[in-house]
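Please look at the sequence and the structure shown below, and then read the short report that follows.

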Amino acid sequence: MLGMGSALETLCGQAFGAGQLDMLGIYMQRSWVILNTTAIVLTFLYIFAERFLKLIGQSDEISKAAGVFAIWMVTQLFAYTMNFLIAKFLQCQSKMTVMALILAVALLLHTFFSWLLMLKLGWGLVGAAIMLNASWWFIVVAQLIYIFSETCDRAWTGFSRKAFQNLWGFIRLSLASAVMLW
């Protein structure tokens, strides 16, 4: 998924350099469509992680623990996808300060609530998964609020049907980028 999202970095950099700021949001939306579709497919690996791990020879105890953790982490897969693409969108506009502030707040909240859920309340791996999900989604939502609050000039003009145009070309570029990084 990282490789597929890296195509966005190239396209956003080119669009920003060419002064086509309105294309940044379109490219990000196209990437959302492609990578969230990919995340749906990968969800099955998470759901069947226990069986898959047993199939490749992992012990029952580890397979069971990893399977439970993987189920709880399904929503994090989508948050990770969104965050990776939003970060590329903001980076190409040099919006690093807001990203750093959001991450700092997320780190503080994550540290406190991880301690609370895992150690104080004894939730173990489930507590860890809940906090990882909450932290990733906090970052995504905070960044989206920033983007939607009209602080990205012409780079975000709202949701557009243009995001669904030329998807096949975008998929090919994404796959080529993934192969290159692989």
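Why does E150 count as exposed? E150 counts as exposed because its relative accessibility is 71%, where exposed means over 50% relative accessible area, buried means under 20%, and partly exposed lies in between (1.4 Å probe, protein chains only). This residue lies in helix 7, which covers residues 124-151, and its phi is near 65°, a positive value in a residue other than glycine.

The model is a predicted one, in which local features need pLDDT of at least 70 and side-chain atom pairs count only at pLDDT 80 or more, while totals for chains, interfaces and linings use all residues. Residues are numbered from 1 along each chain as its sequence is written, and side-chain values use heavy atoms, with hydrogens and water left out.

The chain has eight helices and zero strands, where helices (H or I, at least four residues) and strands (E, at least two) are DSSP runs numbered from the N terminus. Along its principal axes, the C-alpha trace spans about 55 × 35 × 25 Å. Of the 182 residues in the chain, 42% are buried. Among the contacts with a separation of 6 or more, 80% are made by residues 24 or more positions apart, a contact being heavy atoms within 4.5 Å.

Helix 2, which runs over residues 22-47, has 26 residues and reaches 38 Å from its first C-alpha to its last, close to the 38 Å expected at 1.5 Å a residue; the expected span is 1.5 Å times one less than the number of residues. Helix 2 also bends by about 30° at V41, the bend being the angle between axes fitted to the seven residues ending there and the seven starting there.

| Residue | Location | Relative accessibility |
|---|---|---|
| S94 | loop between helix 5 (74-91) and helix 6 | 58% |
| F113 | helix 6 | 34% |
| E150 | helix 7 (residues 124-151) | 71% |

S94 has a phi near 60°, a positive value in a residue other than glycine, and S94 counts as exposed. F113, by contrast, counts as partly exposed because its relative accessibility is 34%.

F113 is also one of the residues that make a nonpolar surface patch of about 720 Å², together with V105, L109, F112, W115, M118, L119 and F138. Patches are made of residues with over 30% relative accessible area and no salt bridge, with nonpolar side chains (Val, Leu, Ile, Met, Phe, Trp, Tyr) joined within 5 Å and like charges within 9 Å; a salt bridge is a side-chain nitrogen of Lys or Arg within 4 Å of a carboxyl oxygen of Asp or Glu. Helix 6 (residues 96-120) gives the most to this patch, with seven residues.

Notes
Accessible areas come from the Shrake-Rupley method with a 1.4 Å probe; for residues, only the protein chains shown count as cover.
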